[in-house]
Amino acid sequence: MTEAQYREVVLFLVDDDDVDYMAVERAMRQMRLLNPLVRARDGKAALEMLKDGVVQGAFVILLDLNMPRMNGLEFLQALRANPQYASAVVFVLTTSRADEDKLAAYSFNVAGYVVKSNIKDEFDSIINMLDGYWRIVELPQL
């Protein structure tokens with residue numbers, strides 16, 4: 001793919017865990033991905049960042065479920081209720097294996113649900129999957 005064909009996609013990480021943030025950063029660096037990485041520490045901050053235009057253009061959201069102030073499911077409900085962001089691509093990245101969390105997340109049309117257990121191997125795989133995903137899939141400019 002030539003540079004002219006490559007469209008920059010922002011990775012918007014909504015996660016309060018610093019270790020997870022550093023693992024995503026490291027995986028992106030190791031894969032030599034130059035995509036911008038933007039982080040919010042909870043759902044409330046993420047919604048404010050979207051409203052304020054901090055995250056612009058095409059983006060993919062990696063969303064934790066267990067966060068303070070506004071958890072991931074509350075964030076998904078608010079995101080899907082907003083016509084401007086209702087079609088945003090969201091992958092849930094969480095420690096919860098609970099079926100009720102999976103069902104709730106998928107009811108908000110998430111693109112995938114990934115359970116974190118082995119940070120090093122999984123984050124490398126996740127970033128690799130996302131790299132392929134945003135190179136192939138046409139994402140809307142929200």
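Predicted model: local features only at pLDDT ≥ 70, side-chain atom pairs only at ≥ 80, totals over all residues.
Residues are numbered from 1 along each chain as its sequence is written. Local features need pLDDT of at least 70, side-chain atom pairs count only at pLDDT 80 or more, totals for chains, interfaces and linings use all residues, and side-chain values use heavy atoms, without hydrogens and water.

**Aromatic pairs**

The structure holds two aromatic pairs. Rings of Phe, Tyr and Trp (its six-membered ring) pair if their centres lie within 6.5 Å; planes under 30 degrees apart count as stacked, over 60 as edge-to-face and the rest as tilted.

| Pair | Centre to centre | Angle between planes | Class |
|---|---|---|---|
| Phe59 and Tyr85 | 6.4 Å | 50° | tilted |
| Tyr106 and Tyr113 | 6.4 Å | 35° | tilted |

Phe59 lies in strand β3 (residues 59–63) and Tyr85 in the loop between α3 (72–81) and β4 (89–94), so their pair ties together parts 26 residues apart in sequence. Helices (H or I, at least four residues) and strands (E, at least two) are DSSP runs, numbered from the N terminus.

Buried means under 20% relative accessible area, exposed over 50%, partly exposed in between (1.4 Å probe, protein chains only). Phe59 is buried at 3%. Tyr85 is buried at 7%. Tyr113 is buried at 13%, whereas Tyr106 is partly exposed at 41%.

**Strand β3**

Five of the five residues of β3 are buried, so the strand is largely enclosed by the rest of the structure. Phe59, Ile61 and Leu63 cover one side; Val60 and Leu62 are buried on the other.

Strands pair if DSSP finds at least two bridges between them. β3 pairs in the parallel sense with β1 (residues 10–14) over five bridges, and with β4 over four. Leu62 has Phe91 of β4 as its bridge partner.
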